[in-house]
Amino acid sequence: CIILAIESSCDETSASVLHNGKILSNVVASQEVHHQYGGVVPELASRAHQQNIVPVVSESLKNANINKKQLNAVAFTRGPGLLGALLVGTSFAKSFALALNIPLIEVNHMEAHVLAHFIDEPKPTFPFLCLTVSGGHTQIVLVKSALDMEVIGETQDDAVGEAFDKTAKLMGLPYPGGPLVDKYAKEGNPLAYTFPATEMPGLNYSFSGIKTAFMYFLRDQLKANPRFVEENTDDICASIQHTLVKMLLQKVKKAVSETGIRQVAIAGGVSANSGLRQALAEEAKKRNWEVFIPRFEYCTDNAAMIAMAAYFKYEAGRFTHQMVSPLARMPIGV
Ligand code: ATP
Ligand code: MG
Ligand code: FE
């Protein structure tokens with residue numbers, strides 16, 4: 001089967017073509033318009049999606065060398081995400097499927113982040129654990145099958161990507177700050193400063209406390225030395241990253257010991273973080289885990305992962321209807 005997939009949940013407009021489980025193309029248009037505002041502006045995101053969607057789909061079909069008449073299904077991200085942004089992709093997918101008279105497949109964006117692991121080898125086998133870390137989510141997912149996932153732990157407040165972005169913003173770094181913290185951290189000492197990691201019960205996380213602690217830390221340091229941030233950017237980034245990664249891994253270790261599952265995958269934008277990748281690889285060696293880290297381009301938002309998730313649904317005959325509407329909040333497993 002040949003599937004066209006559309007992703008428009010946040011600030012990336014993306015389209016991908018999949019043929020029998022293989023990705024033929026994956027075109028991503030990132031929206032530059034938000035950078036000057038230090039965060040994603042929902043209304044501007046919707047407008048940019050409207051401008052990007054037709055050229056992105058055309059390029060995706062062209063790169064795959066596929067004519068739209070060859071398509072067997074159209075897939076789209078139904079949620080979670082920004083409602084106005086999701087509406088653009090959903091409406092486009094519905095019209096395209098209607099015009100071509102082919103079925104529609106709805107995809108949960110967070111399930112797709114998990115299923116990005118089935119794009120390339122090596123692929124995990126079921127069941128496995130997936131730490132899903134992005135701008136809006138921080139979850140430990142028990143993946144029983146491609147169509148059966150359960151969230152066994154998650155953040156009770158901020159996502160870890162938000163913690164990266166907000167601490168970067170406090171340091172005066174441009175949006176999105178996560179990749180910049182990663183870059184500077186490479187040159188810094190991870191033990192230069194310590195921040196209090198919030199302890200949460202069970203497999204849950206909390207990242208709002210560390211953000212506040214960081215704000216007071218900066219305020220006090222800047223009082224003593226107004227050039228504190230410029231002079232110590234590398235050490236500050238390395239220390240904050242070290243703390244966040246440590247918090248993430250602590251619950252993953254707990255999840256492994258509670259479930260007895262030793263296959264551990266990471267997904268979502270923050271899985272691009274080199275500190276997290278390295279720490280996970282080290283734990284894996286030490287504890288005899290099998291670790292799965294997706295290729296960089298499949299970590300952040302992309303339509304290839306939507307296509308892969310849609311492929312599993314296509315095989316299972318799970319289609320949706322023309323009356324479907326997007327869901328800003330859409331839990332995993334619904
Ligand atoms: P969600 O998937 O929860 O709806 P989203 O789509 O905004 O949220 P993604 O695009 O998957 O999230 O990830 C974006 C997040 O990943 C941002 O917070 C960004 O700072 C963070 N990020 C990307 N690369 C890195 C990196 N190398 N280190 C740390 N954080 C990173
Ligand atoms: Mg994004
Ligand atoms: Fe995402």
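What covers the buried residues of α4? The cover includes β6 (128–133), β7 (138–145), α5 (178–185), α6 (208–224) and α7. Helices (H or I, at least four residues) and strands (E, at least two) are DSSP runs, numbered from the N terminus.

This is a predicted model, in which local features need pLDDT of at least 70 and side-chain atom pairs count only at pLDDT 80 or more, while totals for chains, interfaces and linings use all residues. Residues are numbered from 1 along each chain as its sequence is written, and chains are lettered from A and ligands numbered from 1 in the order in which they are written.

**Helix α4**

Helix α4 spans residues 160–170 and is mostly covered. Nine of its 11 residues are buried. A residue is buried if 20 or more other C-beta atoms lie within 10 Å of its own, exposed if 12 or fewer, and partly exposed in between; C-beta atoms are placed from the backbone. Among the buried residues of α4 are Val-160, Glu-162, Phe-164, Asp-165 and Lys-166. Gly-172 follows α4 and has a positive phi, near 85°.

Axes are lines fitted to C-alpha atoms, for helices over the stretch in contact, and angles run from 0 to 180 degrees between N-to-C directions. Contact means that C-beta atoms, placed from the backbone, lie within 7 Å.

α5 packs on α7 at an angle of about 110°, with the axes 7 Å apart. The two helices are therefore roughly perpendicular. α5 passes α7 in a left-handed crossing. Left-handed means that the near helix is turned anticlockwise from the far one by less than a right angle, and right-handed that it is turned clockwise. On the α5 side, Val-181, Asp-182, Tyr-184 and Ala-185 make the contact. They meet Thr-233, Asp-234, Cys-237, Ala-238, Ile-240 and Gln-241 of α7. These residues divide into six nonpolar, two polar and two charged. Here Ala, Val, Leu, Ile, Met, Phe, Trp, Tyr, Cys and Pro count as nonpolar, Asp, Glu, Lys and Arg as charged, and the others, Gly among them, as polar.

α7 (residues 228–259) also meets α8 (residues 274–287). Their axes come within 10 Å and cross at roughly 45°. That makes α7 oblique to α8. The crossing is right-handed. Gln-241, His-242, Val-245, Leu-248 and Leu-249 of α7 touch α8 through Gly-275, Leu-276, Ala-279, Leu-280 and Glu-283.

**The core**

The largest nonpolar core has 93 residues. Such a core is a set of buried Ala, Val, Leu, Ile, Met, Phe, Trp, Tyr and Cys residues joined through C-beta atoms within 7 Å. Ala-5 is one of those with the most contacts inside it. Leaving out residues up to four places away in sequence, Ala-5 touches Ala-15, Ser-16, Leu-18, Ala-75, Ala-303, Ile-306, Ala-307 and Ala-310.

**Backbone exceptions**

Most residues other than glycine have a negative phi, and most peptide bonds are trans. The table lists exceptions.

| Site | Feature | Value |
|---|---|---|
| Gly-79 to Pro-80 | cis peptide bond | omega near -5° |
| Tyr-175 to Pro-176 | cis peptide bond | omega about -10° |
| Asn-20 | positive phi | about 45° |
| Asn-101 | positive phi | near 55° |

Pro-80 lies in the loop between β4 (73–79) and α2 (83–100). Pro-176 sits in the loop between α4 and α5. Asn-20 counts as exposed, because it has 9 C-beta neighbours inside 10 Å. Asn-101 has 6 such neighbours, so Asn-101 counts as exposed.

Notes. Angles under 35 degrees count as roughly parallel, over 145 as roughly antiparallel, 65 to 115 as roughly perpendicular and the rest as oblique. Two residues are in contact if their C-beta atoms, placed from the backbone, lie within 7 Å.
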